[in-house]
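Hello,

I am passing a structure over to you. Please open it first, then read my notes below.

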Amino acid sequence: MTQAQVQEKANIPAEIEEPGIRKWWEYFTFNTDHKVIGIQYLVSTFIFYCIGGVMADLVRTELRTPEVDFVTPEVYNSLFTLHATIMIFLWIVPAGAGFTNYVLPLMIGAKDMAFPRLNALAFWIIPPAGLMLIASLVVGDAPDAGWTSYPPLSLVTGQVGEGIWIMSVLLLGTSSILGAINFIVTLLKMRAPGIGFHQLPLFCWAAFATSALVLLSTPVLAAGLILLAFDLLAGTTFFNPTGGGDPVVYQHMFWFYSHPAVYIMILPFFGVISEVIPVHSRKPIFGYKAIAYSSLAISFLGLIVWAHHMFTSGIPGWLRMFFMITTMIIAVPTGIKIFSWLGTLWGGKLHLERPALLFAIGFVGTFVIGGISGVMLAAVPFDIHVHDTYFVVAHLHYVLFGGSVLGIYAAFYHWFPKMTGRMLNEFWGQVHFAFTIIGLNMTFLPMHKLGMMGMNRRIAQYDPQFTFLNEICTYGSYILAVSTFPFIINVIWSWMYGPKAGNNPWNALTLEWMTASPPAFENFDKPPVLATGPYDYGLENAREGVPLSDAEPILSAGTNSVLRANPDEPYPAIAAETDER
Amino acid sequence: MKIPSSIWTLLIGILLTLVSLWYGQNHDLLPKAASDEASLVDGLFNTMMTVSVGIFLVVEGVLIYTIIKYRRRAGDDKDGLPVHGNVPLEILWTAIPAIIVIGISVYSFDVYNEMGGFNPHAVHEAPMTPQAMKMPGAAIAATLTDTPASTKPNLNQEKSDEAMQDPATAAVRNADQIPQKQNAPGVGSVAPTIGPTPDKEGKPPALTVNVTGLQYAWIFTYPETSVTSGELHVPVGREVQINMTANDVIHAFWVPEFRLKQDAIPGRQSEIRFTPSKEGTYALICAELCGPYHGAMRSQVVVEKPETFAAWMKEQQVASNETLNQAIAVNPAELSPADFLAPHTHNMGIQPEILHQIHN
């Protein structure tokens, strides 16, 4: 009996009476079911992604030639400002929250989130905030001071657009704080009996680390934005130098959130990759504890690196050294994760036909480029040269597109059968993957050279010597745009007509697969039990002498050391059971 | 014959090292280096590039190898080996990146120091304002907006004021003056500096240029000769100090060939020192988003022989005197009293508001 069968036998009821198939209109209601909310998040953020993507292609179209000939410079500035704001605050951050919403309660065997109505509220803040932001483009006064919105520039550009931007980002920040509170309480208080932290899937660890970061840093951004709003609308001079204010203070407050935001955007997808790789390469995750604790380490270190965005701004020399060192150190926990994923892939049985695994491997392969250029950017003398250039644009897109977005796609392909009860078409998933990887590298790789050679960012016109590389970038961005079509069509078609998935199409071990697809209201028939660890793949062919880590001591007792937890027993049952052996 | 895997590993390791070393020195990714600081930065970048190429090849190589070697064969539905971890291996791959980043940090520190960036004493030597120390909390807060006491004349403020009085500049600028904060660590206002290189510590720079950034132009003034120019001329091989500030929004002074960048922040002054090492004309780019025409905010840095520079300077002095004479001879009747008196009121320390009241 494989571990998957053991786990299923312990949990999946012989006959599920009413799988949670919903009417389509339920997704347009103020539902409090975490699964409905999760899908609401994912679908609406994907729509924002498409809008932000169109803006990116308009920006790239302008940059195909050195002259300003496609849109006016004012519109150009609004386009990249909105592109960045949408992609960060309306796509990657809430998409992470969407997956966490859907999967987290299932993974820990809970019936729902701890605060279902707060959860619904957190989602329903997003659409109006997003629509307001996009509407600003239509009414003709869109924010155009960049997504960083540095004063004094943001105070002298259009007042209406900037006001809308501040309001919208404040709302979106509120939404993510509400979400984070919910995730943390759910994780701490709603785990099924017998699930200790070391039995949690790594996605839960990542969600925990992310939520902690959101809670600690988002309020600082909110404070900064409120002060900025006062400067803009009430004429105060917190950041306005004409009245003695200090624009650099805004930068500190902004980056105190916005650097951690990078980890808010990448940590959940580190978690996703840690789920996808073991399942689809049929091997236990390599170094469970190392990956789990490195998420917390990244979360902590992420709070003390913000000033590396200000190396050319107004901070003293010794402070630059401090932030250089903290920034560099983040490479260590990140490296641990990358090497652990490689260790997991090594010696597995890779299901390369499955798009989820392809995207996960693509994630590791492209994210590492963004990680390496991140270390380079941490080095102060080099950062002074490339700060605010296309090198930085390349770096952040390798991290956020090559990392987060590929992670989102991996998660979509991985959990789609659970969410809809139907399988996605693999062939079109592979086509989607191929176009994405080609488009991604074609768009962003040449930007490294552009930046180092002297092309600064956020410009509508540039030196003609950079024309050729910019053309490559622009055509790459068109390929990226095309790459989403197979995905969109595949999702819509498969959701309606795809082959039935069954409860556990991947033979996975984590608890979300131990219920119907899609799961019924309140998720499980009875409180689930852990019959195996979350990643105990291949235990039936364990040879004598294969080293098992101390992460799972109970497994060394042999295959089928099943039913570690009993729903009637209090939660520390595992330790007692281990002691008995 | 079966070659043992340890030999393969060794061979691959040697090959990787050679490729990384070669690419790290021959990447052609940076423009030519035209200042003493630039060659230091390039050395650091080449080292980071060497290490990066190695890491990149290892990760991508392992990925490609696993994809080929461990892909699932048709009909094989078994799981892989249940290897959960390997403590020595995990320690190894934690230690290696840790050592690499510490190494890069130390090297960066050294380069930064050589460039004159790291000058911890500058902060401690900055005068504490004696008033602030005696005041209760609220009063300290009230002084935050004031310029802390300083014995040095604030050249940037003067230049910025002069620029404001230029009718062409004033037309696009709001006339509110921006108080300049000088070094005052107590209130968090420290001049961002890349100072003299260690061998030139304590010596004044050979040339000082004041730079004012405004939407969308750079104004250069040479305080010793009062020459004002739209492009920067500097003699080759002499250390130059740039004092910069901005009149409206944040701009950033960047010359890619010098590998130097510094934000010009309204309300603060920033300083960088560098020594241009190659003659030529280089682009000076504003690197911080400063408005819709940010991309057009470019100027030139001309690095020339000292003789040529001296000749240029002379030419500029003659030209600026002529302009001044013309201005005085032609314009007074057309100016409003406030405009006409502006240079004088400034010298006398009279605020425009007061003048306005008196005049009425």
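How many of the 29 residues of H2(A) are buried? The count is 21, so read "buried" as under 20% relative accessible area, with exposed over 50% and partly exposed in between (1.4 Å probe, protein chains only). H2(A) is mostly covered.

Some ground rules. This is a predicted model: local features need pLDDT of at least 70, side-chain atom pairs count only at pLDDT 80 or more, and totals for chains, interfaces and linings use all residues. Residues are numbered from 1 along each chain as its sequence is written, chains are lettered from A and ligands numbered from 1 in the order in which they are written, and side-chain values use heavy atoms, leaving out hydrogens and water.

**Helix H2 of chain A**

This helix covers residues 34–62. Helices (H or I, at least four residues) and strands (E, at least two) are DSSP runs, numbered from the N terminus. The expected span is 1.5 Å times one less than the number of residues. For H2(A) that gives 42 Å, and its end C-alpha atoms are 42 Å apart, which agrees.

**Strands in chain B**

Start with E3(B), residues 217–222. Five of its six residues are buried. Strands pair if DSSP finds at least two bridges between them. E3(B) pairs with E2(B), residues 207–214, in the antiparallel sense over five bridges. A hairpin of two residues joins E2(B) to E3(B).

E3(B) also runs antiparallel to E4(B), residues 227–229, with three bridges. There, B:Thr221 has B:Thr228 as its partner. Four residues lie between these two strands, and B:Ser226 in this hairpin takes a positive phi near 60°.

**Where the chains meet**

Contact means heavy atoms within 4.5 Å. It takes in 87 residues from chain B and 102 residues from chain A. The buried area is the accessible area (1.4 Å probe) that two parts lose on being put together, summed over both. Here it is about 8,100 Å², and carbon and sulfur atoms give 68% of that. B:Asp79, B:His84 and B:Trp93 supply 10% of the area that chain B buries against chain A, more than any other three residues.

The rule finds five salt bridges across the interface (a side-chain nitrogen of Lys or Arg within 4 Å of a carboxyl oxygen of Asp or Glu). B:Arg298 and A:Asp463 meet in a salt bridge at 3.3 Å, N to O. H2(B) gives the largest share of the side of chain B that touches chain A, 15 residues.

Best wishes
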